[in-house]
Amino acid sequence: MVAAMNWLAQVIAVTSFGIRTLPERRGAAAAAAFGIAGVVAVMVSVLSIAHGVNQTMDKSVSSRNAMVLRSGSDTEMTSGFSNDTAKIVAEAPGIARNEFGPLASPELFVVIDLIKSSSNSDANVPLRGIAQAAYEVRENFQIVEGRKFEWGRNEVIVGSAASREFSGLDVGKSILVGSEPWNIVGVFSTGGGVAEGEIWTDASVLQPAFRRGNFYQSVIVRLNSEDSFTEFKDSLTADPRVNVKVIRESEYYAGQTAILTAVITGLGSLIAVIMGLGAVFGALNTMYATVSARTREIATLRALGFKTSPVLISILMESLLLALIGGTLGGALAYFAFDGFEAATLNWSSFSQIAFSFRVSGSLLIQGIAFAALIGILGGLFPAIRAARLPVATALREL
Amino acid sequence: MADANGNLVEVTGVDKVFHRGSEDIHVLGGLCLKIPEGEFLALMGPSGSGKSTLLNLLAGLDRPTEGSVTISGERIDQLSERRLAGWRARHVGLVFQFYNLMPTLNAARNVELPLLLTHLSRTERKKHVEVALSVVGLNHRHGHYPRQLSGGEQQRVGIARAIVTDPTLLLCDEPTGDLDRKSSDEILDLLQALNQDQGKTIIMVTHDNDAAKRASRIVHMNKGKLTTDAAA
């Protein structure tokens, strides 16, 4: 115990000398720290896109909601069934009801061309035809500007994210659906989520506009409870009149973002690793210079009787400190520059735009700082070994 | 602790060869030297004569190629690197030509450094530091940093650091080499007092004849061998 305390005292003492002399090497130290800050800022910023997309999807999900698609379909775009099927689905057991009937919304999902505000380029924007139950099925739906569209008329309401991300989606303006102008009468919010990047209208008005006949692509239902899902699913899969796929809403949206988040995460990680390698060399250079500048000090300490391990640890600690400073700086930079930054990107599952906010979360910041620490340790390891192996007599003579 | 003949240091048949590429450089050859406890020995010789190498061997900072180095009855040439570090901390006080103080530590913290290698508590360490600084007459400068001290004062801090653990042996590598005459005299007075009043065994490498005259014995070296060995 005493020996351990003694060793610890040596580590603290030697480490504190190194850190106190940092101002004398501030140029090289700052270069290493800023290099690492850049790596972490880029890494956290890119990964915050995937994080933001995931969070948007999470907000789209209610544990009490289920989706019904045509059997074999993975997305609404590839799904389709008749009104008769939609009616059978709506009558299945397990669906919650209100005074107007079951909370089941047969919906049509199409895309229209609009201009993306940020890039002035064409973008596919989801236009969803809904039934009356849709407002009850989506838990947090509310009109934040204007009013709801009137059933049976060429009117639309736009999600709050869509109104920000795409040009011309202000209340009072109109959009071209087919060859007809449709009036924008309101802006809605669903408390975040994918729906806020969509435009909604009456499904029965949308069907003829897109020559879809009396067909739908999905039915979104609100269940009595989370546990009602099995009952609901079993009844439909066992019903010979319909050929449908029943999935939880959470499962559907997880599938929707899988490709997108995998690509973004993969790309972000690749960029981070490549930049990280550069930062490791920067840290190596700085720490070798540090060992060189501290040769006299290290040799003196070793001559006085300090053992090699405290010297080794002190160099590693110094490198780690620079990395943590850089990591914190980079994380802060990413947070202040990008957290909450709104954007839209292509959802490769539906080939339509998904509006989302960059999300620099605590876990992402920790991930960035941990990556910085790894860079610091790798950058400090070899210089630390060099310092520990410094031949004391030679080092003292070379002063 | 000295041996039966009163010798604290015994160097027997020591060779030291450095390798530079394919070339072997013989720095010490068959060197034998005995130093009694309580002696103040000055080691003189031209550059490259091997005196600093010998001092490094006595300090356990280097190992002989051949021969043995025994100090206080312990063969230090046979100790592992780790044990040698511990041995240095307990038995050797080192005084360097350029003081080698830590620039970021004040005088007291510099003197305290070797005590971090002991089991002393913070309070005990503080007391030891006060005593060491008072021995070198610098108690009033304990809070000053090296850059705030003159060369002579820095060397006195260096000496305080060397004696704070009450080592068996004080090894000084040209302790006045970087000082003016007045400061040199003060340092030599201090070393003499440590030797005469406290019985410290001191081995001092020097080029300076006046400094060497303060020692009780002067050993001259040339080309890795002892040439003359006489009382000062």
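Predicted model: local features only at pLDDT ≥ 70, side-chain atom pairs only at ≥ 80, totals over all residues.
Local features need pLDDT of at least 70 and side-chain atom pairs 80 or more, while totals for chains, interfaces and linings use all residues; side-chain values use heavy atoms, without hydrogens and water. Residues are numbered from 1 along each chain, and chains are lettered from A in the order written.

**Exercise 1.** Describe how α8(A) packs against α10(A).

*Solution.* 
1. Locate the helices (DSSP runs of H or I, at least four residues). In chain A, α8 covers residues 249-293 and α10 covers residues 308-338.
2. Take the angle (0 to 180 degrees, between N-to-C directions). For this pair it is about 135°.
3. Take the distance. The two axes are 11 Å apart.
4. List the contact (heavy atoms within 4.5 Å). Helix α8(A) supplies Thr286(A), Met287(A), Thr290(A) and Val291(A). From α10(A) come Ile315(A), Glu318(A), Ser319(A) and Leu322(A).
5. Sort these residues. Four are nonpolar, three polar and one charged.

**Exercise 2.** Describe the fold of chain B by its elements, span, burial and contacts.

*Solution.* 
1. Count the elements. Chain B has seven helices and 10 strands (strands are runs of E, at least two residues).
2. Read the span. The C-alpha trace of chain B covers about 50 × 40 × 40 Å along its principal axes.
3. Check burial (under 20% relative accessible area, 1.4 Å probe). Of the 232 residues in chain B, 55% are buried.
4. Look along the sequence. Among contacts in chain B with a separation of 6 or more, 68% join residues 24 or more positions apart.

Terms used
Nonpolar A, V, L, I, M, F, W, Y, C, P; charged D, E, K, R; others polar. Buried < 20%, exposed > 50% of the residue type's maximum accessible area, 1.4 Å probe, protein only.
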